[in-house]
Amino acid sequence: MKRLALLLFLTIGLASSALAATPEEIVKKSQAAFFYPGKDFKARVMMKLISPSGQERLREMTMLRLNTGEAGGEQKYFMYFFQPAEVKNMTFMVFKYPAKDDDRWLFVPAINMVRRIAMQDKQASFVGSDFTYEDVSGRDLADDTHELVREETLNGKACFVIKSTPKKADSAGYGHKLAWIDKTTWLPMKEEYYDRTGRTVRLFSADEVQMVKGFPTITKRTMKNSQSGYRTEVSYASQDYNVGLEDSLFSERFLRQPPKKWIE
Amino acid sequence: MRKRSLVALSIDYPKTVVFFSVLLALLFLTQFPKMTTDTNPKNMLPATSAVRVGNDGVEKTFGLYEDMIVLGVSHDQGVINPATLAKLKRITEAILQIRGVAARDVASFTTVDNVTAEEGSLRVAPLMTEVPEDEPGLTKLRQALAENPLFINRIISQDGKTTAIYIPLEKGANGKVIADHIREIVSGETGAERYAIAGDPVARDTFGAEMFKLMGLFAPIAGMIMFGVAFFMFRSLFLSMAIMAPAMVIIICSMGLIIGMGYPVHIMSSMSPVFLMAIATDSIHIFNEFYFRFHEKGDRKAAILDTMQAVGKPIIYTDITTAAGFASLMLANIIPVKVFGFGVAFGTMLLLLLSFTLVPALLTFIRLDKVKLITANEDLHTSKTAGFLMNLSRIGSYRPRATLVVGGILLLVAVLGVSRIHVNNNLVEWFKAGSEVRTADRVINQALGGTSLAYVVAGAKEDDFMKSPEAMRYLEGLQRHLEALPMVGKTFSVVDYVKRINLVLHDNDPKFDAVPETREMIGQYLFLFAMSAKPSDLDNVVDYPFRQANIWVQMKTWDAQAMRQVIATMNEYAKANPLPIELKPAGIAYFNLVWNNEVLGDMVKGFLAALLMVFVILIVNFRSVKWALISYVPLLFTILLLYGVIGFAGKDFDMPISVLSCLSLGMAVDFAIHFVGRFRLRRAEATDDESLADSLAWTAARPGKGIMRNVLLFAAAFSVMLFAPLTPYITVGAFIVSMMFLSAIMTIIYLPALITLMQGWLLKGE
């Protein structure tokens with residue numbers, strides 16, 4: 001009886017704590033669960049770019065991520081491309097900084113050259129897909145005002161529906177965004193991006209979630225551009241956390257010659 | 001005989017006839033609320049036509065838009081100054097908010113991607129994110145524009161004085177509505193900048209909207225003018241109304257029928273009220289003859305019966321030939337043209353019925369005293385008009401050879417003119433030279449690459465072929481080839497992006513302003529470009545599997561002729577450079593060319609059919625091939641002369657003119673039918689001692705007066721169109737008015753000459 005009371009107490013406590021959470025806290029938790037789980041992360045990523053008429057372009061890469069700060073802080077990304085065929089051995093590295101422009105480097109094997117790529121725009125397309133860099137590595141919490149619109153069940157999962165509106169109108173590729181955040185995993189299950197006139201621009205959906213080393217992980221996702229009709233499907237294979245990535249890997253030397261053990 | 005009994009019945013029960021006529025009109029009038037309109041000339045070709053299906057496919061493959069508006073902004077001191085740039089930024093932002101604008105692909109200083117090398121790093125960013133306030137910033141922007149060939153002649157003119165914003169439209173958006181929005185936006189800006197809004201959708205939708213306005217305005221004005229002229233001719237309010245009544249009935253019925261059958265009122269059918277009104281003037285021959293007969297007999301009913309006996313047959317055949325001319329349009333492949341032909345042919349046949357029912361019935365209501373007073377003047381011996389017409393006919397009958405020689409020379413000159421006709425079509429030139437649409441187009445075309453857009457799609461047989469150096473060089477060669485054409489202002493393709501990356505990666509070393517040597521390089525450059533630029537940048541020029549590439553061809557003119565040359569050049573290049581690549585044209589300029597060809601083809605087909613039909617009808621009418629041939633002469637003469645003038649004037653044989661040629665056939669023959677019909681009747685009735693010349697003079701004076709009245713009424717109605725702000729209307733008005741005058745003169749001078757000269761052959765056995 002005591003136990004039951006305790007359980008009841010805990011449940012109520014948990015539920016009420018979730019209720020009491022501010023929209024900012026919800027988004028912060030969600031970003032931590034979505035972009036920052038583990039110390040590091042490694043996955044083989046298959047990316048399918050699909051045109052409105054159903055034609056496909058394939059990107060296959062190994063993606064490595066290392067958190068160098070805490071959740072919401074700095075990160076380093078390393079990508080090695082397998083597909084399309086003529087870009088094999090191309091590598092791409094991103095140092096992500098909150099509140100300032102990212103650093104990006106690209107190795108072009110055909111001319112054996114590493115180039116820094118300056119892009120001011122975090123809304124730029126990620127490797128030509130319908131995802132933006134922000135979709136891959138997260139947007140600064142403080143760039144938007146967040147608002148809890150409602151709570152509802154989506155595909156059997158209790159979700160917070162958060163409306164995020166950019167503080168500076170031209171700092172984002174959308175007017176506002178609605179995100180359905182799973183109350184148990186804190187992962188976004190669905191996102192709708194609207195332009196300033198209220199039409200949907202893009203639609204995100206988490207299509208498959210797996211537990212990997214105790215971290216709920218979205219292993220299949222889709223981003224659809226509802227205006228152009230293009231969409232991108234992403235799926236992970238052999239994903240793993242806390243594999244022991246070292247900071248020294250993220251350097252120009254390894255960009256030219258990535259160690260086999262990390263990219264295979 | 002049955003026809004005459006119809007007339008007799010109608011004058012015995014005139015009120016019933018009027019009642020049923022009104023009822024009929026009301027019946028068709030009930031369909032009017034169902035009216036839908038379609039002002040888009042694009043729908044002239046059905047959505048299933050090869051060119052529209054092909055264009056849709058290309059648009060889908062490359063993520064393109066059917067329509068694009070170009071906003072030109074110019075400043076005499078150059079547009080690269082803080083104030084103008086700030087305006088550009090503001091205007092672009094406002095344009096992005098307009099519904100119907102494909103915001104993500106608007107190309108302007110603030111949205112177009114620029115790839116540059118800066119301090120060892122590759123930079124991909126919009127050309128201008130913030131307006132540079134100081135001189136170094138401005139210089140940098142000037143430099144960025146000057147060194148990137150993708151920008152010159154596209155978003156900046158050579159002299160730096162003009163820039164353009166390219167605004168693609170979502171499917172189904174109305175170009176005029178969006179253009180009006182843009183006008184509103186730029187009108188909020190002050191300063192020395194000038195703005196020009198051009199592009200096919202602006203011209204097209206503005207034309208569509210103007211057209212309906214014009215028809216709503218011109219049909220009533222034409223009606224009022226006809227009414228006024230009729231009153232002036234017959235000096236009777238009632239008679240003038242009686243002339244207008246059948247016109248109103250057939251307009252209501254014909255429009256009601258088209259609407260009731262579920263067709264939207266299209267650009268073509270919006271013209272039918274004016275045409276029908278003009279055709280209805282045919283009933284003038286009844287009133288004309290009635291005046292003479294009443295003057296001679298003094299009995300109303302007998303005069304009506306006699307009148308109908310005399311003019312009945314010519315009226316039947318003139319209406320049938322007119323209907324046949326319009327019905328020939330039903331052979332067209334283009335549905336709105338078919339609907340128009342059908343509607344007017346139906347109206348004409350209804351007019352025929354009314355001529356034997358409603359018109360005689362109305363004549364019975366004329367007040368006797370009034371008619372007596374007015375018709376007192378209708379005497380061939382005293383009337384000045386009659387004397388003039390007789391003299392005209394005597395030119396032909398007294399000096400037939402000289403008349404014919406003059407005619408022969410005129411004809412030769414006309415044939416020479418016809419041989420100089422050149423077939424072309426230009427939507428923008430449907431607007432007057434000083435109009436906003438045309439000025440905007442001219443301004444932008446002078447400064448930049450061009451407002452008329454076409455695509456050349458290169459398709460290979462295997463995926464990834466477009467990444468090969470040979471495919472790249474092939475495309476590059478084709479671009480240079482096309483750019484050599486004088487009216488092609490700019491081309492761009494995937495090659496331009498690859499070359500740009502090559503150059504920038506090698507720190508702007510001009511050696512690398514070329515197609516890279518290996519497939520790996522091209523593949524990796526493209527990947528790099530896809531990674532950094534807007535996805536649509538690449539999608540617009542190459543398809544997903546890199547099997548097809550799309551070359552953008554900007555032209556400085558909307559002439560169909562220009563697109564024809566682009567296609568010819570493209571084919572030439574393909575022949576001279578064999579590679580497993582197939583080249584195909586697409587885009588709005590190509591659509592306009594196909595549309596133009598299609599209409600012309602249809603019209604030629606219709607013209608030949610009408611020519612044949614009219615001849616057959618003439619044979620049936622006169623029961624004689626000889627007379628059919630004779631009455632054919634004024635028709636051919638009129639048409640040849642008209643087209644001769646068009647040839648000499650250097651006016652393009654465009655769509656409006658080709659449509660007219662079919663219609664004119666059925667109408668230009670009318671006067672000859674009246675003349676020959678009545679002349680033969682006169683010869684049969686007249687006393688033996690009346691000379692041929694006197695019979696001809698009588699015909700010229702009596703039914704000839706009807707002809708003259710018809711011409712004047714007709715010309716009055718159509719002359720309204722000469723004041724239209726759209727050139728096709730002016731063309732239609734001028735063409736029809738001159739056609740009526742010419743065919744009347746040909747009939748009154750040349751028929752007497754021919755008949756006099758060939759009397760032995762013609763009158764044998766009569």
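How many residues does the contact take from chain B, and how many from chain A? In this predicted model, chain B puts in 33 residues and chain A puts in 32. On the chain B side, the elements that give two or more residues are helix H3 (50–62), strand S4 (121–126), helix H20 (519–532) and helix H21 (535–539). H20(B) gives the most, with ten residues. Sorted by class, the residues of chain B that touch chain A come out as twelve nonpolar, eleven polar and ten charged.

Strand S4 of chain B also takes part in pairing across the two chains. Strand S6 (residues 113–118) of chain A pairs with S4(B) in the parallel sense, over three bridges. At one of these positions, A:Ile117 has B:Leu122 in S4(B) as its bridge partner.

Turning to helix packing inside chain B, helix H26 (residues 670–685) packs with helix H29 (residues 727–757) at an angle of about 30 degrees, and their axes are 8 Å apart. Because angles under 35 degrees count as roughly parallel, H26(B) is roughly parallel to H29(B). The crossing of H26(B) past H29(B) is right-handed. From H26(B), the residues that do the meeting are B:Phe671, B:Ala672, B:Phe675 and B:Val676, while H29(B) answers with B:Ser743, B:Ala744, B:Thr747 and B:Leu751. The side of chain B that touches chain A, for its part, includes ten charged residues.

Notes. Residues numbered from 1 in each chain as written. Chains lettered and ligands numbered in written order. Predicted model: local features only at pLDDT ≥ 70, side-chain atom pairs only at ≥ 80, totals over all residues. Axes fitted to C-alpha atoms, helices over the stretch in contact; angles between N-to-C directions. Helix = DSSP H or I, 4+ residues; strand = E, 2+ residues; numbered from the N terminus. Parallel < 35°, antiparallel > 145°, perpendicular 65-115°, else oblique. Left-handed = near helix turned anticlockwise from the far one by under 90°. Contact = placed C-beta atoms within 7 Å. Nonpolar A, V, L, I, M, F, W, Y, C, P; charged D, E, K, R; others polar. Pairing = 2+ DSSP bridges.
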